[in-house]
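The sequence and the structure are shown below.

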Amino acid sequence: MAHRRAQPYREGMHAPARPSKLSVIGAGGVGVAIAYAALIRGSADVVALHDIDAPKVEAEVLDLAHGTQFLVAKRVEGGADPRVVEGSDVVVITAGAKQRPGEPRLALAARNAEILKAVLPGVREHAPDAIVMLVTNPCDVLTVLAQREGGLDPSRVLASGTVLDSSRLRWLLSELVHVDARSVHALMIGEHGDSEFPLWSRARIGPLLVREWMEEGRARFSAADLDRIADDVVHAAYRIIEGKGATSSAIGVSSARIVEAILRDERAVLPVSSVLDGQHGISGLALSLPTIVGRGGIERVLEVPMADDELARLHASAEAIDASLRSVGG
Ligand SMILES: NC(=O)c1ccc[n+]([C@@H]2O[C@H](COP(=O)([O-])OP(=O)(O)OC[C@H]3O[C@@H](n4cnc5c(N)ncnc54)[C@H](O)[C@@H]3O)[C@@H](O)[C@H]2O)c1
């Protein structure tokens, strides 16, 4: 059978789209999980991995590249040279120390602020047009530092925030009521950390408020049940850290999902963290609220009407982040 020749490009034909590129800085458990999820989901055409630990990052890239035939993405590359991030549309930062068992996320701030300062100049030099997403903890504090130190437009820097925590909440609720997690619409908001909380006043299963969900003629969830679920979500990471030393798989897939919303200009509503500009009376601090995410990064932070106690908790969460930010000189 004769093969059809590829047509040479002529003016007037559509120019082939430039491949999209995601770079992940930090090839530890989290960085590799994000790269792996992005490769098998096809979140970007090219996925690059960078770490200062050359043998480690080279081994990780090779291990991922050996599966190229089975990936949706086209190519994986990387190494210890900071120029690896050149041409990136999105740079995800996972470089940093991780939580020790029992350590609050905010205690990591000083250690990881220094690492961020070491990473940012390379990003600014080699990928000046990239949207930057922080995953390194405390991700809200580091988002503010990255925005200020990097001189970045606030719409082009974000953190994965409570996208993962909201996924944990949706999964827990879905298990309890036996409904697909995609039909559970519930958000954790505020700090990605101990002061985060579920926005119960808006949480729904299908069209029903969680608080209205009935089983055997009675409301399925009492106030104590809702508190227990919230507590499970807030402490989920600690439980995983005790058992396997670190979390990685779910942050991998949830970060890849955010990258897709950006690169495909989805304008998806996701609870990412970004530097606020007056929403709910908060300015100059980053925390998670439902946000329209698209090719411009943060397209719009939605101001959701909240119950009085929820608004008070949001402000308490902002204060916790502010205290941590000030502790690292921000
Ligand atoms: N935001 C979230 O939801 C979430 C979830 C899980 C983990 N995390 C955070 O992600 C971070 C990484 O976790 P991990 O388990 O992958 O840690 P890890 O120790 O396995 O990996 C960290 C990597 O960063 C690299 N690194 C250090 N300094 C660097 C630099 N200047 N440039 C490039 N690379 C550098 C190290 O060599 C190491 O490979 C931690 O801060 C952790 O708390 C965040």
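Which side chain meets that of Glu-260 in a salt bridge? In this predicted model, the partner is Arg-257, at 3.9 Å from N to O. Because the two residues are 3 apart in helix α8, about one helical turn separates them. An α-helix has 3.6 residues a turn, so residues three or four places apart point the same way. Glu-260 is buried, with a relative accessible area of 3%, whereas Arg-257 is partly exposed at 25%. Both belong to a network of salt bridges that also links Arg-41, Arg-264 and Glu-266.

**Salt bridges**

The whole structure holds 18 salt bridges. Three of them are listed here.

| Pair | Distance, N to O |
|---|---|
| Arg-18 and Asp-89 | 2.6 Å |
| Arg-295 and Asp-89 | 3.1 Å |
| Glu-260 and Arg-257 | 3.9 Å |

Asp-89 meets Arg-18 in a salt bridge. Arg-18 lies in the segment before β1 (21–25) and Asp-89 in the loop between β3 (75–79) and β4 (90–93), so this pair ties together parts that are 71 residues apart in sequence. Asp-89 also meets Arg-295. That pair links distant parts of the chain, since Arg-295 sits in the loop between β17 and β18, 206 residues from Asp-89.

Is Asp-89 buried or exposed? Asp-89 is buried, with a relative accessible area of 6%. Arg-18 is exposed at 55%, and Arg-295 counts as partly exposed at 32%.

**Sheet and hairpin**

Three strands make an open sheet in the order β14-β17-β18, with antiparallel pairing. β14 (268–270) and β18 (297–301) are at the edges with a single partner strand each, so one side of each has no neighbour in the sheet. From one strand to the next, the twist averages 40 degrees. Helix α8 (residues 249–263) packs on this sheet and touches β14 and β17, its direction making about 70 degrees with that of β17. Strand β17 (residues 291–294) pairs with β18 over 4 bridges, and the bridge partner of Thr-291 in β18 is Val-301.

Strands β15 (residues 273–279) and β16 run antiparallel and are joined by 5 bridges. Ser-274 stands opposite Leu-287 in β16. The two strands form a hairpin with 2 residues between them, and His-280 in the turn has a positive phi of about 50 degrees. Strand β16 (residues 282–288) is mostly covered, with 5 of its 7 residues buried.

**Cores**

The largest nonpolar core has 80 residues, and those with the most contacts inside it are Leu-22, Leu-49 and Leu-134. Helix α8 gives the most to this core, 7 residues. Beyond its neighbours within four places in sequence, Leu-134 is in contact with residues including Ile-93, Leu-116, Leu-142, Val-157 and Leu-158. A second, separate core has 17 residues, among them Leu-173, Val-177, Ala-186 and Ile-205.

**Helix α6**

Helix α6 (residues 223–234) has 12 residues and reaches 17 Å from its first C-alpha to its last, close to the 16 Å expected. Its buried residues are Asp-225, Leu-226, Ile-229, Ala-230, Val-233 and Val-234. What covers them includes α5 (163–177), β8 (188–189), β9 (197–198) and α7 (236–244).

Methods: Residues numbered from 1 in each chain as written. Heavy atoms only, no water. Expected span 1.5 Å × (residues − 1). Buried < 20%, exposed > 50% of the residue type's maximum accessible area, 1.4 Å probe, protein only. Contact = heavy atoms within 4.5 Å. Pairing = 2+ DSSP bridges. Axes fitted to C-alpha atoms, helices over the stretch in contact; angles between N-to-C directions. Core = buried A, V, L, I, M, F, W, Y, C linked by side-chain atoms within 4.5 Å. Salt bridge = Lys/Arg side-chain N within 4 Å of Asp/Glu carboxyl O.
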